[in-house]
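Work through the exercises below with the sequence and the model side by side. Try each task before reading its solution.

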Amino acid sequence: MEFLTEEKLTIVGAAGMIGSNMAQTAIMMKLTPNICLYDPYAPALEGVAEEMLQCGFENMNITYTSDIKEAFTGASYIVSSGGAARKAGMTREDLLKGNAEIAAQFGKDIKAYCPDVKHVVVIFNPADITGLITLLYSGLKPTQVTTLAALDSTRLRNELAKWFRIQPSKITGCRTYGGHGEQMAVFASTTRIDGKPLTEVIGTDQLSDTQWQEMRQRVVQGGKHIIDLRGRSSFQSPSYLSIEMIAAAMGGAPFKWPAGVYVAAGKFNHIVMAMETVIDRSGVRYAIPEGTVQEEDELKQSYEHLSKLRDEVIQMGILPPISSWHELNPNIR
């Protein structure tokens, strides 16, 4: 079969740089011939649609609309970058209130117009919180909603590849978990450099403890660095990774990076955060990562940071108290 599926994929925020790149990536990866582009800003949306059509892609049914009902009706898969972009001087958390409100409406629209959607990927920041809000208001199962978290892990691999001057493919097991934000848990214990454990390299002449800490900071500040260099937030890397995620949900190649997922398991509860995940046609499954004592403590700190953001959204009135979440979405426990 030429395409992975014939089912409808809707790209939310398609007039923006992330959304338009997602659309082109999905087309070039031949995920489905039926792609709908949605954005409330109609002129720019039409411009993106015209660009896609003028590429001359074969056998594509590319539609576009600023009507949310039309965009969502019949959609089996949705990827959304439909929040405000991060600008110079802003953290992902600075976007909290406005994008939390957008996420709530996004979830309500899913419930109203495509309750049978199979999988939704949320990438607008702070993605852990906007994904959680989307899940709660959409009425979907936790297995049906994931958020972009892989970008921190790919940034770690990039930093290591530059440092050791080797092909990125020779660096395996690069993992960051917890929040996709300024507080994340960077795991060295899972990583290998051309087969050698990174933990055996840190503290040597190849990579001193100080150099490793500086590298960790560059990973954490990776998004800020892109803004400093380009004058705008990342768009090519999140676009590609998010489309790889939805491709896996469609039954394509396995997604090999961590993803944000709803967690309700003992020490981490009522939160969306990056875990070790498997995404396939049945949805997303996760495992809580195991690392060194220090790494697991950092993961706990990241969880506590996300919990504070979640509680802020509850205090804003955007989400009800946790005790009422099951009433909002019966699939949540």
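Predicted model: local features only at pLDDT ≥ 70, side-chain atom pairs only at ≥ 80, totals over all residues.

Residues are numbered from 1 along each chain as its sequence is written, and side-chain values use heavy atoms, with hydrogens and water left out.

**Exercise 1.** Describe how helix α4 and helix α10 pack, and which residues meet.

Step 1. Helix α4 covers residues 96-113 and helix α10 covers residues 293-316; helices are DSSP runs (H or I, at least four residues) numbered from the N terminus.

Step 2. Their axes, lines fitted to C-alpha atoms over the stretch in contact, lie 11 Å apart at an angle of about 70 degrees, on a scale from 0 to 180 degrees between N-to-C directions.

Step 3. That angle makes α4 roughly perpendicular to α10, a term for 65 to 115 degrees.

Step 4. With contact meaning heavy atoms within 4.5 Å, Leu96, Lys97 and Ala100 in α4 meet Leu309, Glu312, Val313 and Met316 in α10.

**Exercise 2.** Find which residues touch the most other members of the largest nonpolar core.

Step 1. A nonpolar core is a set of buried (under 20% relative accessible area, 1.4 Å probe, protein chains only) Ala, Val, Leu, Ile, Met, Phe, Trp, Tyr and Cys residues joined through side-chain atoms within 4.5 Å.

Step 2. Among the 105 residues of the largest such core, Leu37, Ile78 and Ile133 touch the most other members, while helix α9 (residues 236-249) gives the most to this core, with 7 residues.

Step 3. Not counting residues up to four places away in sequence, the residues that Leu37 touches include Ile11, Val48, Met52 and Tyr64.

Notes
Buried < 20%, exposed > 50% of the residue type's maximum accessible area, 1.4 Å probe, protein only. Helix = DSSP H or I, 4+ residues; strand = E, 2+ residues; numbered from the N terminus. Parallel < 35°, antiparallel > 145°, perpendicular 65-115°, else oblique.
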